[in-house]
Amino acid sequence: MKFLKILGAVLALLTALLVVVPLVVLAGLFIWLKLTEEADEEALELEQEGV
């Protein structure tokens, strides 16, 4: 019976990891996109002012 509880806990942990890890990756990509987007806008503004 203890084996089934351990197996259930392991399966629950794996399921949670399969959900959480992709969400963390997507959040990281979103933050990276926002940071690089702001840097690109600043570069474009500086370029337009220089012309």
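User: Being 3 residues apart in helix α1, by about how much of the helix are Glu37 and Lys34 separated?
Analyst: This is a predicted model, in which local features need pLDDT of at least 70 and side-chain atom pairs count only at pLDDT 80 or more, while totals for chains, interfaces and linings use all residues. Residues are numbered from 1 along each chain as its sequence is written, and side-chain values use heavy atoms, with hydrogens and water left out. Because Glu37 and Lys34 are 3 residues apart in helix α1, their separation is about one helical turn.

User: What is the N to O distance in the salt bridge between Glu37 and Lys34?
Analyst: Side chains of opposite charge can pair when their charged atoms come close. A salt bridge is counted when a side-chain nitrogen of Lys or Arg is within 4 Å of a carboxyl oxygen of Asp or Glu, and a search of the whole structure finds 1. For Glu37 and Lys34, the N to O distance is 3.6 Å.

User: Is Lys34 buried, partly exposed or exposed?
Analyst: With a 1.4 Å probe and protein chains only, buried means under 20% relative accessible area, exposed over 50%, and partly exposed in between. Glu37, at a relative accessible area of 37%, falls in the middle class. Lys34 has a relative accessibility of 38%, so the class that applies to Lys34 is partly exposed.

User: Which residues form the negative surface patch?
Analyst: Patches are made of residues with over 30% relative accessible area and no salt bridge, like charges being joined within 9 Å and nonpolar side chains (Val, Leu, Ile, Met, Phe, Trp, Tyr) within 5 Å. Glu38, which lies in helix α1 (residues 2–50), has a relative accessible area of 47%. The members of the negative patch are Glu38, Asp40, Glu41, Glu42, Glu45 and Glu49.

User: What is the radius of gyration of the protein?
Analyst: The protein has 1 helix and 0 strands, where helices (H or I, at least four residues) and strands (E, at least two) are DSSP runs numbered from the N terminus. The globule rule, 2.2 Å times the number of residues to the power 0.38, is compared with a radius taken over C-alpha atoms. For 51 residues the rule gives 10 Å, and the protein is more spread out than a compact globule because its radius of gyration is well over that, at 22 Å.

User: About what does the C-alpha trace span along its principal axes?
Analyst: Of the 51 residues, 0% count as buried. The C-alpha atoms of Glu37 and Leu14, 23 residues apart along the chain, are separated by 35 Å. Along the principal axes, the trace spans about 75 × 10 × 5 Å.

Conventions
Areas by Shrake-Rupley, 256 points an atom, 1.4 Å probe, with all protein chains shown as cover. Lys, Arg positive; Asp, Glu negative; His and termini not counted. Charge placed at Lys NZ, Arg CZ, Asp CG, Glu CD.
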